Amino acid sequence: MKILITGATGLVGRKLVKQLLSEGHKINFLTTRKEAVDSLPNCKGFYWDIENSSIDESCIKDVDKIIHLAGASVANRWTKRYKKVIIDSRVIAAQLLFKTLKENKHSVNQFVSASAIGIYKHSYDSNYNEEDRSFSSGFLGEVVQQWELAADAFSTLNINVTKVRIGVVLANKSGALQKMAQPILFGFGAPLASGKQYVSWIHVKDLTQLIVFLLDSNDAGVFNAVAPNPVTNSALTKAIAMQLNKPLFLPNTPKFVLKFVLGEMHEMVCDSQKVSSLKIEKEGFIFQFKTLEKALKDLL
Ligand SMILES: NC(=O)c1ccc[n+]([C@@H]2O[C@H](COP(=O)([O-])OP(=O)(O)OC[C@H]3O[C@@H](n4cnc5c(N)ncnc54)[C@H](OP(=O)(O)O)[C@@H]3O)[C@@H](O)[C@H]2O)c1
């Protein structure tokens with residue numbers, strides 16, 4: 001298959017590209033940085049400038065599937081201006097792809113869009129499945145709803161739309177795990193807020209396998225991409241400390257401190273989303289890293 005990937009140069013994208021290449025697929029990718037066009041070996045890079053609606057239309061030539069992973073990091077301070085960057089890099093980007101397909105001859109049969117479990121409302125009790133409509137009214141909830149809506153539009157072009165609601169991705173060199181491990185390594189790690197909030201995580205290898213599984217099945221719909229065993233922030237912090245062989249002696253970082261330091265962004269670490277992986281498992285997907293212990297042992 002020939003696959004066009006946006007956000008291919010990121011944490012998830014790079015791993016996914018490697019896997020798809022190893023399975024013999026051809027990869028085109030879109031990057032917002034001209035200097036990155038030749039950065040992925042054995043792939044063909046194309047430049048796009050989302051703000052100015054500019055895209056190299058030859059990127060869709062002979063493409064069977066599109067995977068839309070692009071998005072500005074949500075881990076930078078949410079100023080009014082940066083919030084727009086977060087939204088546009090996902091939504092306007094998807095709309096630009098849509099316009100490109102609508103106005104050109106193409107052979108795309110599936111649009112796989114990254115989405116996020118941040119769409120679900122903060123709750124300590126709910127175990128969210130894909131049918132749940134309890135959406136968060138916080139900023140992330142709003143972003144993800146707009147992102148999914150932009151993805152849905154592709155179905156009007158008779159393209160299968162697959163939305164992958166990604167949990168907290170655990171990887172070894174960057175991402176959330178590195179951010180959590182660093183203070184623990186320096187001896188000042190602590191659970192955040194009450195520590196009771198659920199973190200629905202996924203090992204990056206399982207995530208890339210899951211995306212490939214959805215490409216192979218050509219399944220349309222929403223799929224949670226989280227491991228079968230979500231844990232609380234407290235349990236996660238303790239498990240990382242144990243894996244790194246570091247003591248944890250500080251009390252929990254209070255919520256008001258997180259609010260002061262992170263501003264509105266504190267919702268990212270304080271909100272609780274316990275998310276179910278049952279749907280994708282029923283489809284036949286088998287997780288390699290079902291438990292946090294196994295994932296951390298592999299990554300740290
Ligand atoms: N990692 C997680 O824990 C997690 C959890 C839930 C959802 N997700 C979502 O999954 C997707 C992939 O995640 P990731 O961790 O691989 O992200 P990442 O490492 O931050 O990479 C995202 C990619 O998006 C592109 N990008 C950055 N800023 C952009 C902008 N302003 N406009 C357009 N494109 C831009 C970049 O590619 P170029 O520089 O080449 O353009 C970058 O490589 C993201 O959409 C993310 O929100 C991730």
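Predicted model: local features only at pLDDT ≥ 70, side-chain atom pairs only at ≥ 80, totals over all residues.
**Exercise 1. His203**

Solution. 
- Step 1. The cut-off for buried is under 20%.
- Step 2. List the contacts, setting aside neighbours within four places in sequence. They are Leu170, Phe289, Ala295, Asp298 and Leu299.

**Exercise 2. Thr208**

Task: Which helix holds Thr208, and which side chain does it meet in a polar contact?

Solution. 
- Step 1. Thr208 sits in helix H6, which covers residues 204-217.
- Step 2. Check burial. Thr208 has 3% relative accessibility, so it counts as buried.
- Step 3. Find the polar partner. The side chain of Gln19 is joined to that of Thr208 by a polar contact of 3.1 Å.
- Step 4. Beyond neighbours within four places in sequence, Thr208 touches Val12, Lys15, Leu16 and Gln19. Helix H1 spans 11-22.

**Exercise 3. Trp147**

Task: Describe the surroundings of Trp147 and find the backbone oxygen that lies by its side chain.

Solution. 
- Step 1. Trp147 is part of helix H4, residues 139-152.
- Step 2. Its relative accessible area is 7%, so Trp147 is buried.
- Step 3. Leave out neighbours within four places in sequence. The contacts of Trp147 are then His68, Ala70, Arg90, Val91, Ser113, Ala114, Ser115 and Ala116.
- Step 4. Pick out Ala114. Its backbone oxygen is 3.4 Å from a polar atom of the Trp147 side chain.
- Step 5. Compare chain and space. Lys163 is 16 residues from Trp147 along the chain, and their C-alpha atoms are 9.6 Å apart.

**Exercise 4. Helix H7**

Task: How many residues does helix H7 have, which of them are buried, and what covers them?

Solution. 
- Step 1. H7 runs over residues 233-244 and has 12 residues.
- Step 2. Check the span. From first C-alpha to last, H7 reaches 17 Å, close to the 16 Å expected at 1.5 Å a residue.
- Step 3. Name the buried residues of H7: Asn233, Ser234, Leu236, Thr237, Ala239, Ile240, Ala241 and Leu244.
- Step 4. Find the cover. It includes helix H5 (176-185), strand S9 (198-199), strand S12 (231-232) and helix H11 (292-299).
- Step 5. Look just past the helix. Asn245 takes a positive phi of about 60 degrees there.

**Exercise 5. The ligand**

Task: Work out which residues come nearest the ligand, which backbone atoms lie by its oxygens, and what the shell is made of.

Solution. 
- Step 1. There are 24 residues around the ligand, and Thr9, Thr31, Thr32, Arg33 and Arg90 come nearest. Arg90 is also in contact with Trp147.
- Step 2. Check the backbone. A polar backbone atom of Leu11 is 2.8 Å from a ligand oxygen. For Gly71, a backbone N or O atom is 3.1 Å from a ligand oxygen. For Val169, the distance from a polar backbone atom to a ligand oxygen is 3.0 Å.
- Step 3. The ligand taken alone exposes 890 Å², and the protein buries 78% of that.
- Step 4. Assign the shell to elements. Helix H1 (11-22), strand S6 (110-116) and strand S8 (168-170) each give two or more residues. S6 supplies the largest share, 3 residues.
- Step 5. Sort the shell by type: 13 nonpolar, 9 polar and 2 charged residues.

Key. Residues numbered from 1 in each chain as written. Heavy atoms only, no water. Near = heavy atom within 4 Å. Polar contact = N/O pair within 3.5 Å; in protein donor to acceptor, adjacent residues only side chain to side chain. Areas by Shrake-Rupley, 256 points an atom, 1.4 Å probe, with all protein chains shown as cover. Helix = DSSP H or I, 4+ residues; strand = E, 2+ residues; numbered from the N terminus. Nonpolar A, V, L, I, M, F, W, Y, C, P; charged D, E, K, R; others polar. Expected span 1.5 Å × (residues − 1). Buried < 20%, exposed > 50% of the residue type's maximum accessible area, 1.4 Å probe, protein only. Contact = heavy atoms within 4.5 Å.
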